[in-house]
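Colleague: I have not seen this structure before. Please take me through the labels used for it and show how each one is reached.

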Amino acid sequence: MFNTPIYNQNISIKNKSISLKIKREDLIHPFISGNKYRKLKFNLKEAKTLNSKFLLTFGGAFSNHIAAVASAGKEYDFSTIGVIRGEELEFKKDLNSTLEFAKACGMHLKFISREDYRNKTNSDFIEKLKNEFDNFYLIPEGGTNDLAVKGCEEILQLQDETFDYICCAVGTGGTISGIINASKKHQKILGFPALKNNFIQEDIRKFAAQDNWQLITDYHFGGYGKIKPELITFINRFNKNQNILLDPIYTGKMMFGIFDLIEKKFFPKNSKILTIHTGGLQGITGMNEMLQRKKLPLIEI
Ligand SMILES: Cc1ncc(COP(=O)(O)O)c(C=O)c1O
């Protein structure tokens, strides 16, 4: 799909006995960026092989995944259907920037109640969708399935074997699973969940072939999409000092956690840490709209 060279950028930190780098997967594409590209790559190939004309997927109103699927549909000639959590959104005068973008890419948005959304993996529910939309290729919420994990196994490259720790943000667990599968036994994979979900550990175990990983659950800032002024301050300061923009839902929380853990001496002396920038920057505009309404400081772009 894309041939962007991915590089590991140095992050300057006070503690000189530790080396910290970030893999700039966010530069792959403005919308199909980071783990979205990795998760979609083999799924899109499969959809083409199966001759599917439609991609159908699920997500919340601010979902990076919805934006990525909409963009991929436009770029690779699929019609796209986004099943969106929250039927109340359908009657709102203005959609948020993520949904506006998805619509502009040609995605058909189907809004459903939060209750129906909870049943989205039930066979009856899928059957109803099949009656409504013809011959679609189904991509699960967050894009995580076997082919997505296979794609995420391509995030690590040969030269990354020298790192002791590899850190990534965790949502549905597909990205970390691919990284775990591609890692070497001597490496420790740290996942930073962006939400409170007690089942994520089990989800990762379904896909991960090794046990050299650990979830750091102290940096979700209250749950999915929840943020606090200290997180915004951190993201803005990080961007100013390192010239790297982080998103507030995933990578900002992860990086906040890593800086805090370095401060708390979690990592032994001489540790080499690689963090993964999994993208998600499209969500900043929508988040800023919300912050503005709440009269909170904005993320500087
Ligand atoms: C920017 C970003 N980083 C990390 C993640 C977490 O990925 P996963 O759902 O595979 O755990 C997501 C969500 O998919 C995301 O949008």
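Modeller: Asn243 sits in the loop that joins α9 and α10. The model is a predicted one. Asn243 has a positive phi of about 60 degrees, although it is not a glycine.

Colleague: Why is Asn243 called exposed?

Modeller: The label exposed needs a relative accessible area over 50%. Asn243 has 62% relative accessibility, so it counts as exposed.

Colleague: What makes Asn270 exposed?

Modeller: Asn270 has a relative accessible area of 60%, and the cut-off is over 50%, so Asn270 is exposed. Asn270 lies in the loop between α10 and β10. Its phi is positive, about 70 degrees, although Asn270 is not a glycine.

Colleague: Is Phe78 buried or exposed, and how do you know?

Modeller: Buried means under 20% relative accessible area. Phe78 has 7%, so it is buried. Phe78 is in the loop between α2 and β4.

Colleague: Why is the pair of Tyr165 and Phe267 called edge-to-face?

Modeller: Two rings pair if their centres lie within 6.5 Å, and planes over 60 degrees apart count as edge-to-face. For Tyr165 and Phe267 the centres are 4.9 Å apart and the planes are at 80 degrees, so the pair is edge-to-face. Tyr165 belongs to strand β7 and Phe267 to the loop between α10 and β10, so the pair ties together parts that are 102 residues apart in sequence.

Colleague: How do you know whether these two rings, Tyr165 and Phe267, are buried or exposed?

Modeller: Tyr165 has 14% relative accessibility and therefore counts as buried, the limit being under 20%. Phe267 has a relative accessible area of 4%, so it is buried as well.

Colleague: What makes the pair of Phe192 and Tyr219 tilted?

Modeller: Planes under 30 degrees apart would be stacked and planes over 60 edge-to-face, with the rest tilted. The planes of Phe192 and Tyr219 are 45 degrees apart, so the pair is tilted, and the centres, at 6.3 Å, are within the 6.5 Å limit. Phe192 is in strand β8 and Tyr219 in the loop between β9 and α9, 27 residues apart. Phe192 and Tyr219 are both buried. Ring pairs join them in a cluster with other residues, including Phe221, Phe234 and Phe256. The structure holds 12 aromatic pairs.

Colleague: Why is the ligand said to lie between domain 1 and domain 2?

Modeller: Both domain 1 and domain 2 give residues to the shell around the ligand, so the ligand lies between them. The shell has 16 residues, divided into three nonpolar, 11 polar and two charged. The largest share, three residues, comes from α1.

Colleague: Why is α7 called mostly covered?

Modeller: Seven of the nine residues of α7 are buried, among them Gly174, Thr175 and Ile176.

Technical notes:
Residues are numbered from 1 along each chain as its sequence is written. This is a predicted model: local features need pLDDT of at least 70, side-chain atom pairs count only at pLDDT 80 or more; totals for chains, interfaces and linings use all residues. Side-chain values use heavy atoms; hydrogens and water are left out. A residue is near a molecule or strand if one of its heavy atoms lies within 4 Å of it. Helices (H or I, at least four residues) and strands (E, at least two) are DSSP runs, numbered from the N terminus. Ala, Val, Leu, Ile, Met, Phe, Trp, Tyr, Cys and Pro count as nonpolar, Asp, Glu, Lys and Arg as charged, and the others, Gly among them, as polar. Domain bounds come from an automatic or database domain assignment. Buried means under 20% relative accessible area, exposed over 50%, partly exposed in between (1.4 Å probe, protein chains only). Rings of Phe, Tyr and Trp (its six-membered ring) pair if their centres lie within 6.5 Å; planes under 30 degrees apart count as stacked, over 60 as edge-to-face and the rest as tilted.
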